[in-house]
Amino acid sequence: MSQGEPALGLLVDKPAGMTSHDVVAEIRRERGGKVGHAGTLDPFATGLLVILLGRATRTQRYLLELPKTYVATARLGWRSSTGDPDGELEETGRVPALLELPTGEIDQRVPMTSAVKVDGERLYKKAHRGESVETPIRRIKVHRAELLDGDSDRAKFEIECSSGTYIRTLVESLEDAYCETLRRTAIGELQIPQGGPEEISVELLMSFLPERELTEPEAEAVSHGIRVPDDGQDGRKRLTHDGRLIAIARPDGENLQPEVVLA
């Protein structure tokens, strides 16, 4: 994809059975150019996958930080070796007395099935060989975990959480339960598209960041990575000119330093 072509996002409703890499590879074959994504989904999971095209791939780090919303079904009275339907399943018959998931800030151990690297290798590769190692512990935040429906066999929850939260591990906190189905319904304000993949401009992708409008000389300077005066608001900004996203910038004293230049 050439520098002059627009930076775009593509909102995709990933089906079960495909990896996020499969989706990226398929879109790369169809469209060519640089293609990435903003947050993986497990093969058994469905729902929103944000695909980044061309220069929009430079915004990945910011999208990864956004909170996620999921709908998860817990199979009760069962255990899974991987916490999901792809593992070895064992029926225990012990149904949790309280259908309540933890909320707030939680220390969560990364599962062996994750793509996190330990000793230079992704954990799931070690797990496939039957290896077991001590995995890292991460601090995550569950903003909301609402029970939508439940009986003696299954419980359905809507969960809003920080990036990096493992829903299967959250469901396993019920003890004899595993995550039978998982659907991501939102990333920040981005929603599952209706009726097929939906193109979205990089300006809309980054609209969650505060905006600092640039004059024409400032836009020219920013396009070359030159700082501009800050406008007093805290945090990162999207720097725009005539409706176009020029760059993402971070505060640097009284200035804004471009981190990612898009135009």
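A salt bridge was counted where a side-chain nitrogen of Lys or Arg lies within 4 Å of a carboxyl oxygen of Asp or Glu. The structure is a predicted model, in which local features need pLDDT of at least 70 and side-chain atom pairs count only at pLDDT 80 or more, while totals for chains, interfaces and linings use all residues. Residues are numbered from 1 along each chain as its sequence is written, and side-chain values use heavy atoms, with hydrogens and water left out.

By this rule the model contains 21 salt bridges. One of them joins R154 to E180, with 2.6 Å between the closest N and O atoms. This pair links distant parts of the chain, 26 residues apart: R154 belongs to strand 11 (residues 154-161) and E180 to strand 12 (residues 177-187). Strands are DSSP runs of E, at least two residues long, numbered from the N terminus. Relative accessible area was classed as buried (under 20%), exposed (over 50%) or partly exposed (in between), using a 1.4 Å probe and protein chains only. E180 is buried at 18%, whereas R154 is partly exposed at 33%.

A salt bridge is also formed by R238 and E211, at 3.9 Å from N to O. R238 lies in strand 17 (residues 237-241) and E211 in strand 15 (residues 211-213), so the pair ties together parts 27 residues apart in sequence. R238 is buried, with a relative accessible area of 16%, and E211 is partly exposed at 34%.

E259 pairs with R250 in a salt bridge of 3.8 Å, N to O. E259 is partly exposed at 26%, as is R250 at 35%. Through shared partners, salt bridges connect E259 and R250 with E65 and R236 in one network.

Technical notes: Helices (H or I, at least four residues) and strands (E, at least two) are DSSP runs, numbered from the N terminus.
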